[in-house]
Amino acid sequence: MKRWIARLGLFGPKPPQNPCANDFHDLQRKDGAFECRDRGLRTVPLAKIVGSVGRYQDFDERFQLRSRSPSERLEQIKSALRQGAVLPPVKLWQIRDAYYVEDGNHRVAAAKALGHDEILAHIVEFIPSGDNLQDAIYRQRAHFLDVTGLQADISLTEPGQYERLLSQIERHLEYLREQERPEITLQEAAADWYHHIYRPLTGLLSRARLAEEFPGRTTADLYAYVSVRLWEKGERRQYGIGLNDMLPDDMEAFREKMKNSDAQHYPEMQRTITAFVLMNVQAKKENRIVEKLLELEEVREVHSVFGDVDLLVKVQLRRDLLSSDAETISQFVQDHIRQLPGVIATKTLIPGTSCIKD
């Protein structure tokens with residue numbers, strides 16, 4: 001399959017990295033990004049928050065206060081987060097893959113200082129207006145998200161591919177209206193397509209680690225090439241990596257197969273994921289927390305450690321192709337670990353390459 005995809009011209013240079021200035025308005029003027037979209041609420045990795053809209057002079061590149069004098073407000077927010085308080089979402093402005101704080105600078109600074117991974121935010125996205133290829137593709141992506149209503153990371157690197165995906169969704173809409181619900185909307189069909197077609201196939205491709213063989217290309221690119229040639233052009237090829245048995249010639253047949261799959265019939269769709277959870281807990285409740293953690297089947301090891309964290313927890317979870325690693329781990333930590341009385345803060349680490357000695 002790698003040789004086949006190589007012949008399609010998927011090799012190419014990586015797109016240039018986006019500059020991340022601390023001043024939002026500098027980047028906005030540089031990219032001509034004045035048209036905006038309200039993207040609603042979603043979680044954002046704190047590492048992608050690189051500056052402030054109006055207070056860039058107050059915070060450095062690590063989002064620490066430039067003034068060395070203590071901030072009472074910052075310390076109050078950090079204390080509230082340690083105690084598990086739920087704070088309002090911050091407001092972020094986005095240009096490409098960079099986020100800037102419009103409201104909530106101290107909440108972002110506190111979360112970063114405490115080692116949190118992500119934060120809940122209301123996003124307003126600003127669309128670059130440049131005449132280069134990268135900006136043109138970005139605008140196509142923005143239009144695709146506007147029409148479908150998807151809050152998903154679908155990153156394509158070639159012009160015209162978002163139109164192909166939109167055509168798939170429109171055909172899927174016709175199928176659902178004929179077979180299931182005549183009143184279904186395009187956005188509802190897009191959500192169904194994403195959960196039962198796009199994500200299962202990209203999950204198979206990610207599992208095969210094919211994207212690593214094509215620098216500068218994404219798993220979404222591979223999805224577009226495979227799905228278009230198989231389901232639109234009828235090109236049945238020897239894909240290898242176990243895909244032949246998993247890919248019917250018809251997109252809706254694939255959807256039904258994925259939607260009705262389970263571990264008994266499709267064990268190849270199940271995978272084990274390992275994560276390490278670093279925990280800060282109240283000293284008086286540490287022993288009780290350890291007992292509660294060990295009662296969880298998914299918890300394999302619990303270690304009391306010295307240093308910046310109190311407990312190191314190893315968990316092993318099972319997921320299928322309809323869920324991502326990050327979603328599975330985040331839901332488990334939120335539902336079963338952060339809710340334990342006495343837990344102050346958690347940070348989750350997901351291993352990359354692991355080497356284990358017997």
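**How to read the model**

Residues are numbered from 1 along each chain as its sequence is written. Because the model is predicted, local features need pLDDT of at least 70 and side-chain atom pairs count only at pLDDT 80 or more, while totals for chains, interfaces and linings use all residues; side-chain values use heavy atoms, with hydrogens and water left out.

The pLDDT is the predictor's confidence in each residue, from 0 to 100. For this protein chain the average is 81, and 81% of the residues score at least 70. Helices (H or I, at least four residues) and strands (E, at least two) are DSSP runs, numbered from the N terminus. Confidence is lowest in helix H1 (residues 2-7), with a mean of 51, and highest in H6, at 95. Over residues 7-21 the pLDDT stays under 50. Where pLDDT is low, the predicted coordinates should not be read in detail.

Let us start with the strands. Two strands pair if DSSP finds at least two bridges between them.

Leu92 stands opposite Ile123 in S5.

Which residues of helix H3 (residues 72-82) are buried? They are Leu74, Ile77, Lys78 and Leu81, where buried means under 20% relative accessible area, exposed over 50%, and partly exposed in between (1.4 Å probe, protein chains only). These residues cover an arc of only 100° around the axis, so they sit on the same side of H3; the arc is that of the directions from the helix axis to the C-beta atoms. Helix H4 (105-113) and strand S9 (343-349) are among the parts that cover them. Just after H3, Gly84 takes a positive phi of about 85°.

His106 belongs to helix H4 and is buried, at 7% relative accessibility. Contact means heavy atoms within 4.5 Å. Leaving aside neighbours within four places in sequence, His106 is in contact with Arg55, Ser71, Arg73, Leu74 and Ile77.

**Salt bridges**

Side chains of opposite charge can pair when their charged atoms come close. A salt bridge is a side-chain nitrogen of Lys or Arg within 4 Å of a carboxyl oxygen of Asp or Glu. The whole structure has 21 salt bridges. Here are three of them:

| Glu158 | Arg217 | 3.6 Å |

Glu158 is in the loop between H5 and helix H6 (161-179), and Arg217 is in the loop between helix H7 (186-207) and helix H8 (219-232), so their pair ties together parts that are 59 residues apart in sequence. Arg217 is buried, with a relative accessible area of 18%.

Glu180 lies in the loop between H6 and H7 and Arg255 in helix H10 (residues 251-259), so this pair joins parts that are 75 residues apart in sequence. Glu180 is partly exposed at 43% relative accessibility, whereas Arg255 is buried at 0%.

Glu291 and Arg288 both lie in helix H11 (residues 286-294), 3 residues apart, about one turn of the helix. Salt bridges that share partners also join Glu35, Arg37, Arg39, Glu125, Arg141 and Asp146 into one network.

**A residue in S7**

Finally, Val302 is found in strand S7 (residues 299-304). Not counting residues up to four places away in sequence, Val302 touches Val290, Leu293, Leu294, Leu311, Leu312 and Val313.
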